[in-house]
Amino acid sequence: MNKLTTYEAAWLIGGPGRAALVTFVTLATDGRLDVADKRQRVKVARAESTYPIEAAALALIPESGIGVGELLVRLAASGAMKDLEAAVRAKGQLRALRWFSATYRELLEDPGTGVRRVAVLGVPGIEEERLRDMLEHPLPGMPKIDPFKPVRDNTIDGTIEPTSGSGYI
């Protein structure tokens, strides 16, 4: 059996979401992404990539930046993730039968260090505290505003007195 790459191991253990997480952590720790901790947004610092999944992640980030959560969701649904799945299947590993796989058991017994540890353990395996904290405590989603009922706040202290609706959906 061929050895699995870190991305393939992440897909086998945690699916597309875990592989997207490992890609993000790899790019952030290598300095290829600029991460704004408080805003939880990323921008491309260097567009270098070794693996196709890294290139796909960098291609998903617009020049203005993107939220970390949105990047992870988009990357998990990308075509590069389907290619990663095909590569894992070609090596004889099936995610549905991973509990019976010797490779799966070996990974869980010895998670390793660095990004390989993130592939096995997920967010708790991230060694860099600021990245782990950011991923453990994501920002809440923005409220949806109905364009036909705009929210107007023309008070001095910032309180809104709704008359016919708040404007939020």
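**Helix packing and a ring pair**

Guide: This is a predicted model. Start with the helices. Helix 1 and helix 3 are oblique to each other.

Visitor: What describes two packed helices?

Guide: The angle between their axes and the distance between the axes. Here helix 1 (residues 6-29) packs on helix 3 (residues 68-76) at about 125°. Their axes are 8 Å apart. Angles of 65 to 115 degrees count as roughly perpendicular and those over 145 as roughly antiparallel, so this pair is oblique.

Visitor: Is the crossing of helix 1 and helix 3 left-handed or right-handed?

Guide: Right-handed.

Visitor: Which residues make the contact?

Guide: Helix 1 brings Pro16, Gly17, Ala20, Leu21, Thr23 and Phe24. Helix 3 answers with Val68, Leu71, Leu72, Leu75 and Ala76. By class, the contact has 9 nonpolar residues, 2 polar and no charged.

Visitor: Now the rings. How is an aromatic pair described?

Guide: By the distance of the centres and the angle of the planes. The count for this model is 1 aromatic pair. Tyrosine 7 and tyrosine 51 have ring centres 5.2 Å apart. Their planes stand at 75°, so the pair is edge-to-face; the cut-off is over 60 degrees.

Visitor: Which parts does the pair tie together?

Guide: Tyrosine 7 sits in helix 1. Tyrosine 51 is in the loop between strand 2 (41-44) and helix 2 (52-60). The pair therefore links parts 44 residues apart in sequence.

Visitor: Is tyrosine 7 buried or exposed?

Guide: Buried, because its relative accessibility is 5%. Tyrosine 51, at 37%, counts as partly exposed.

Definitions and conventions
Residues are numbered from 1 along each chain as its sequence is written. This is a predicted model: local features need pLDDT of at least 70, side-chain atom pairs count only at pLDDT 80 or more; totals for chains, interfaces and linings use all residues. Side-chain values use heavy atoms; hydrogens and water are left out. Axes are lines fitted to C-alpha atoms, for helices over the stretch in contact, and angles run from 0 to 180 degrees between N-to-C directions. Helices (H or I, at least four residues) and strands (E, at least two) are DSSP runs, numbered from the N terminus. Angles under 35 degrees count as roughly parallel, over 145 as roughly antiparallel, 65 to 115 as roughly perpendicular and the rest as oblique. A crossing is left-handed if the near helix is turned anticlockwise from the far one by less than a right angle, and right-handed if clockwise. Contact means heavy atoms within 4.5 Å. Ala, Val, Leu, Ile, Met, Phe, Trp, Tyr, Cys and Pro count as nonpolar, Asp, Glu, Lys and Arg as charged, and the others, Gly among them, as polar. Rings of Phe, Tyr and Trp (its six-membered ring) pair if their centres lie within 6.5 Å; planes under 30 degrees apart count as stacked, over 60 as edge-to-face and the rest as tilted. Buried means under 20% relative accessible area, exposed over 50%, partly exposed in between (1.4 Å probe, protein chains only).
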